[in-house]
Amino acid sequence: MSHGRDNDTLFCGPNKAVVDAIKAQFMHKWECRDLGEPNEFLRMRITCKGRAIHLDQCAYLQKVVECCGMLNAKSASTPLPAGYYAAKNTEPVDVDLRSRFQMVIGSLLYLMLGTRPDIAFAVTHLLL
């Protein structure tokens, strides 16, 4: 695996020789440099154990939690309680609260697409 921070390019695969050959062709055509083994890519931490590659976004999620002032929030075993239905807002729109909600949902969508497909139902349900 190798990457380039300037254009966020990552080469990986089960056959190192094939990956290296493709990377060499790419580097021959495009001006770039090999920065070695990656430890982060698109806000995803990369760890390799043997032939397994693990991705997580713990640092990104920590920043989102801090930004939203939710450091002391309680965790839950499920992202959305069974039978949850959002009540319609009948109050005047709080612009700051709406902006905060949009930022949180956008961050959760990014997490969902990157490393947490298990929260997809809950996140998309909150968009309705």
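This is a predicted model: local features need pLDDT of at least 70, side-chain atom pairs count only at pLDDT 80 or more; totals for chains, interfaces and linings use all residues.

Visitor: Which residue takes a positive phi in the hairpin of E3 and E4?

Guide: Strand E3 covers 40-41, and two bridges join E3 to E4. The hairpin of these strands has two residues between them. The one with a positive phi near 50° is Leu 42.

Visitor: What is the phi of Arg 43?

Guide: Arg 43 is found in the loop between E3 and E4. Most residues other than glycine have a negative phi. Arg 43 is not glycine, yet its phi is positive, near 65°.

Visitor: Is Leu 42 buried, partly exposed or exposed?

Guide: Leu 42 sits in the loop between E3 and E4. Buried means under 20% relative accessible area and exposed means over 50%. Leu 42 has 41% relative accessibility, so it counts as partly exposed.

Visitor: And Arg 43, buried or exposed?

Guide: The cut-off for exposed is over 50%. Arg 43 has 51% relative accessibility, so it counts as exposed.

Visitor: In what order do the three strands form the open sheet?

Guide: E3 and E4 run antiparallel, joined by two bridges. Five bridges join E4 (residues 44-49) to E5 (residues 52-56), also an antiparallel pair. The order is E3-E4-E5.

Visitor: Which are the edge strands?

Guide: The open sheet has three strands, in the order E3-E4-E5. An edge strand here pairs on one side only. That gives E3 and E5.

Visitor: What is the bridge partner of Lys 49 in E5?

Guide: Follow E4 against E5, which run antiparallel. Thr 47 stands opposite His 54, and Cys 48 has Ile 53 as its bridge partner. For Lys 49, the partner is Ala 52.

Visitor: Which residue takes a positive phi in the hairpin of E4 and E5?

Guide: The hairpin has two residues between the strands. Its positive phi is near 65°. The residue is Gly 50.

Visitor: With which side chain does the side chain of Thr 115 make a polar contact?

Guide: Thr 115 lies in the loop between H3 and H4. Leaving out residues up to four places away in sequence, it touches Met 44, Leu 55, Asp 56 and Gln 57. The polar contact, at 2.7 Å, is with the side chain of Gln 57.

Visitor: How are H2 and H3 oriented to each other, roughly parallel or roughly antiparallel?

Guide: Two packed helices are described by the angle between their axes and the distance between the axes. The axes of H2 (residues 58-67) and H3 come within 11 Å and cross at roughly 170°. Angles over 145 degrees count as roughly antiparallel. H2 and H3 are therefore roughly antiparallel.

Visitor: How many charged residues does the contact of H2 with H3 have?

Guide: H2 brings Tyr 60, Leu 61, Val 64 and Cys 67 to meet Met 103, Ser 107, Tyr 110 and Leu 111 of H3. By class, seven residues are nonpolar and one is polar. The charged count is none.

Visitor: How far apart in space are Ala 73 and Thr 47?

Guide: Ala 73 lies in the loop between H2 and H3. It is partly exposed, with a relative accessible area of 45%. Ala 73 and Thr 47 are 26 residues apart in sequence; C-alpha to C-alpha, the distance is 28 Å.

Visitor: And how far apart in space are Asp 118 and Pro 79?

Guide: Asp 118 is found in the loop between H3 (95-114) and H4 (120-127). Its side chain makes a polar contact with the side chain of Arg 116, at 2.6 Å. Asp 118 and Pro 79 are 39 residues apart in sequence; C-alpha to C-alpha, the distance is 8.7 Å.

Conventions:
Residues are numbered from 1 along each chain as its sequence is written. Side-chain values use heavy atoms; hydrogens and water are left out. Two strands pair if DSSP finds at least two bridges between them. Helices (H or I, at least four residues) and strands (E, at least two) are DSSP runs, numbered from the N terminus. A polar contact is a pair of N or O atoms within 3.5 Å; within protein, one must be able to donate a hydrogen and the other to accept it, and residues adjacent in sequence count only if both atoms are side-chain atoms. Contact means heavy atoms within 4.5 Å. Axes are lines fitted to C-alpha atoms, for helices over the stretch in contact, and angles run from 0 to 180 degrees between N-to-C directions. Angles under 35 degrees count as roughly parallel, over 145 as roughly antiparallel, 65 to 115 as roughly perpendicular and the rest as oblique. Ala, Val, Leu, Ile, Met, Phe, Trp, Tyr, Cys and Pro count as nonpolar, Asp, Glu, Lys and Arg as charged, and the others, Gly among them, as polar. Buried means under 20% relative accessible area, exposed over 50%, partly exposed in between (1.4 Å probe, protein chains only).
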